[in-house]
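Here's a quick tour of a model, written for someone who likes to know the cut-offs. Have the viewer open as you read.

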Amino acid sequence: MELVAGCYEQVLFGFAIHPEPDTGGDPKEQKWTSAADFTHHAHTASLSAVAVNSRFVVTGSKDETIHIYDMKKKIDHGALVHHNGTITCLKFYGNRHLISGGEDGLICVWDAKKWECLKSIKAHKGHVTFLSIHPSGKLALSVGTDKTLRTWNLVEGRSAFIKNIKQNAHIVEWSPRGEKYIVVILNKIDVYQLDTASVSGTITNEKRISSVTFLSESVLAVAGDEEVVRFFDCDSLMCLCEFKAHENRVKDMFSFEVPEHHVIVTASSDGFIKMWKLKQDKKVPPSLLCEVKTNARLTCLGVWLDRVTDTQKSLPSTAEPSPVSKKQPKINKKEAGDVVQEEERQSVPDSEKCGLTGDSDQPMKANTPLSVKKRKMVGMLEKQKRKKKKIRNVIVNPTFLL
């Protein structure tokens, strides 16, 4: 596996991580080793986002570009230029699609094979601050500086719902099974249930929240402008435990599972990346597996796992029914301070629908030179038939001329 982290100093760091061989000691005391693998200086401004799939690492920056790094070959794979403003968020869905959001208010869907922009959506009147893709790949959520939470139907490539919220949210995240999602505003986390699309509870952190990651369907790890990481239960809204992770504020977190290990990774402004082994009981603080010192002000984090994933996983084709039209969530329009409205349905041309996923194998019918020539010949034959019929009428019925 490899830790990748971006920083204010315009560099992407890569550190190879190796579990130490089992020597028969206490498995609770097992430590992992790290080794510097690469530094990739592709951007001309600080890095703002990073995303990882089974082969590529992509980074977004304030220089308005998205750079692609091939982890298999360890080479720069090129850059994507479409946004006009800082790249604020990057999310892979499987190995086929990448979705990006930026300060220009755009959400872009990219083909992660050909690296082409399949769809560009004007998502928010202000900046897109964060986005999250539902585990099914059929829905996405985004928040922006226009004080809205928007639900996107990725099957049809259009907005499904707009919910006005009181303040600008800066994080939105689906739970692992997609049964709930959370919206972060400053130091508060609103927990929404998908079936009702309403807030079931609110979690309050001590300071402004900078990063969240689900450890399970109900347990959420929360980091903010402080040295502490807290685990919260999204059902009871109670804090399960907290532990000091760094000497400065935690900027980003990432969690993943490998055999016999459930790991959470934290990156901080103090320049350290730390890996923690989670306990089965989330009320018990995790134990430190390893740490890496970068001597940089870290901003974003990802973990590349060198393993085969489902390469067929991609955004659904337009032939599949929309989950939004299949089951509409109940809308509570009387909720204080919130206004929920359904976006007017816009007819999307078939060519644009195909452009969302890029999976259409049906060629478009075109007017080839042969078909044009054929139509001209048919027209000439019909004209000659009408002329012969007119002449025949004149001969048979001479009174036609009178």
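## Gly102

Is Gly102 buried or exposed? Gly102 is buried, at a relative accessible area of 0%; "buried" here is under 20% relative accessible area, "exposed" is over 50% and "partly exposed" is in between, with a 1.4 Å probe and protein chains only. Before going on: this is a predicted model, where local features need pLDDT of at least 70, side-chain atom pairs count only at pLDDT 80 or more, and totals for chains, interfaces and linings use all residues. Residues are numbered from 1 along each chain as its sequence is written, and side-chain values use heavy atoms, with hydrogens and water left out.

Gly102 belongs to strand S9 (residues 97–102). Strands are DSSP runs of E, at least two residues long, numbered from the N terminus. Leaving out residues up to four places away in sequence, Gly102 touches His83, Thr86, Ile87, Thr88, His127 and Val128, where contact means heavy atoms within 4.5 Å. Ser61 sits 41 residues away along the chain, and its C-alpha atom is 9.7 Å from that of Gly102.

## Two buried polar side chains

Arg230, in strand S22 (residues 228–233), is buried with a relative accessible area of 5%. Its side chain makes a polar contact with the side chain of Glu242 at 3.0 Å. The term covers a pair of N or O atoms within 3.5 Å; within protein, one must be able to donate a hydrogen and the other to accept it, and residues adjacent in sequence count only if both atoms are side-chain atoms. Apart from residues up to four places away in sequence, Arg230 also touches others, including Asn205, Leu220, Cys239 and Cys241.

His124 is found in the loop between strand S11 (116–122) and strand S12 (128–133). His124 is buried too, at 1% relative accessible area, and its side chain makes a polar contact with that of Thr148 (3.1 Å). Beyond neighbours within four places in sequence, the contacts of His124 include Gly105, Ser142, Asp146 and Arg150.

## The S16 to S19 sheet

Four strands make an open, antiparallel sheet in the order S16-S17-S18-S19; two strands pair if DSSP finds at least two bridges between them. S16 (171–174) and S19 (198–204) are the edge strands, each with a single partner, so one side of each has no neighbour in the sheet. From one strand to the next, the twist averages 20°, with axes being lines fitted to C-alpha atoms and angles running from 0 to 180 degrees between N-to-C directions.

S16 and S17 (residues 180–185) are joined by four bridges, and Glu173 stands opposite Ile182 in S17.

## Around S26

What does S26 (residues 272–277) look like in terms of burial? Five of its six residues are buried, leaving the strand mostly covered. On one pairing, five bridges tie S26 to the antiparallel strand S25 (residues 261–268), with Val265 opposite Met275. The hairpin of S25 and S26 has three residues between the strands, and Gly271 takes a positive phi near 90° there.

S26 also pairs antiparallel with S27 (residues 287–293), through six bridges. Val292 in S27 is the bridge partner of Ile273.

## Rings

The whole structure holds eight aromatic pairs, counting rings of Phe, Tyr and Trp (its six-membered ring) whose centres lie within 6.5 Å. Ring pairs link Trp174, Tyr181 and Tyr192 into a cluster.

Lys274 lies over the face of Phe272, 5.8 Å from the ring centre. The criterion is NZ of Lys or CZ of Arg within 6 Å of the ring centre and within 35 degrees of the ring normal.

Notes. Phe/Tyr/Trp six-rings, centres within 6.5 Å; stacked < 30°, edge-to-face > 60°.
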